[in-house]
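Dear colleague,

Please find the structure below, handed over for your own work. My notes on its salt bridges and on one strand residue follow it.

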Amino acid sequence: MKVNRDIEVLIVEDDLRVAEIQKRFLEQLEGFQMVGIAASYLEAKTLIEILQPDLLLLDVYFPDMNGLDLLKETKQQAKQMDVIMITATKEIDKVQEAISIGVFDYIIKPVVFERFKQSLLRYQEFHRKLVQLGQDNPHVTQQQVDQLLRKDVEGAAGAGDKPYLPKGIDPLTLDKVMEVLGRAEGGLTAERVAKEIGVSRTTARRYLEHLVAEDKIEADLAYGTVGRPERVYLVSDATKRQMST
């Protein structure tokens, strides 16, 4: 595995506008380099073979292929490459198939930057640990495997570790946001949350979208009598059960 360099990313997406958005998202993250965009099966096969990227950002449906079939094909060829699916496909059988093949993450379009960023930074940390383990020793311990598979995130405080948070997300502010939402009778807008905890609306939205990506809270649209609908946030039922135990 190549070390001490940016993670090389190939975007496989037939909608060039969506591909451009992903490219611009990547450009905002340090440690990543986009090496190409493939819009068809032939382009994807050729660029994978030539560039041998570390990571694919892969859609499911293309005019001439199914992204999951491409994923199976690359796995059968034992290519050292990871995949994050970015797709509008919501069918549970497709999600299950992608997970069973071994995708690192599955993001549903339209992509919110905070969710995209969270996924890429998690992959960056995973890649860093993998490279480090390969340098230190050809063999690994069970604990090291668990860390790679992110199985020790829950309850890690007892071991002196903290759950990974993306850059710009402070755990104390995150707790305040959850506390405010937990007290609310219904959903709250980002503006209301911002006033409650004393931060800007933009900051509140960043924390709220992070919690949505983590499935801690849910987001919906509230339609008023005038103006555009507002995005409101509320604690999910699963989180309520966890908070009550």
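Does Thr 189 count as buried or exposed? At 15% relative accessibility, Thr 189 counts as buried, where buried means under 20% relative accessible area, exposed means over 50%, and partly exposed lies in between (1.4 Å probe, protein chains only). Thr 189 sits in strand β8 (residues 188-189); helices (H or I, at least four residues) and strands (E, at least two) are DSSP runs, numbered from the N terminus. When its neighbours within four places in sequence are left aside, Thr 189 is in contact (heavy atoms within 4.5 Å) with Glu 230, Arg 231, Val 232 and Tyr 233.

Before the remaining findings, a note on conventions. This is a predicted model, in which local features need pLDDT of at least 70 and side-chain atom pairs count only at pLDDT 80 or more, while totals for chains, interfaces and linings use all residues. Residues are numbered from 1 along each chain as its sequence is written, and side-chain values use heavy atoms, with hydrogens and water left out.

Turning to the salt bridges, a search of the whole structure finds 14, a salt bridge being a side-chain nitrogen of Lys or Arg within 4 Å of a carboxyl oxygen of Asp or Glu.

Two of the pairs lie within a helix. Glu 20 and Arg 24 form a salt bridge with an N to O distance of 3.0 Å. These residues are 4 apart in helix α1 (residues 16-27), so about one helical turn separates them. Glu 20 is partly exposed, its relative accessible area being 29%, whereas Arg 24 is exposed at 53%. In helix α5 (residues 113-136), Arg 128 and Glu 125 are 3 residues apart and therefore also separated by about one helical turn. Their closest N and O atoms are 2.7 Å apart in a salt bridge. Arg 128 is partly exposed with a relative accessible area of 45%, and Glu 125 is partly exposed with 25%.

Lys 45 forms a salt bridge with Glu 73, with 2.8 Å between the closest N and O atoms. This pair links distant parts of the chain, 28 residues apart: Lys 45 belongs to helix α2 (residues 41-51) and Glu 73 to helix α3 (residues 67-76). Lys 45 counts as partly exposed at 22% relative accessibility, and Glu 73 counts as partly exposed at 22%.

Finally, a network of salt bridges links Glu 179, Arg 183, Arg 192 and Glu 196.

With kind regards
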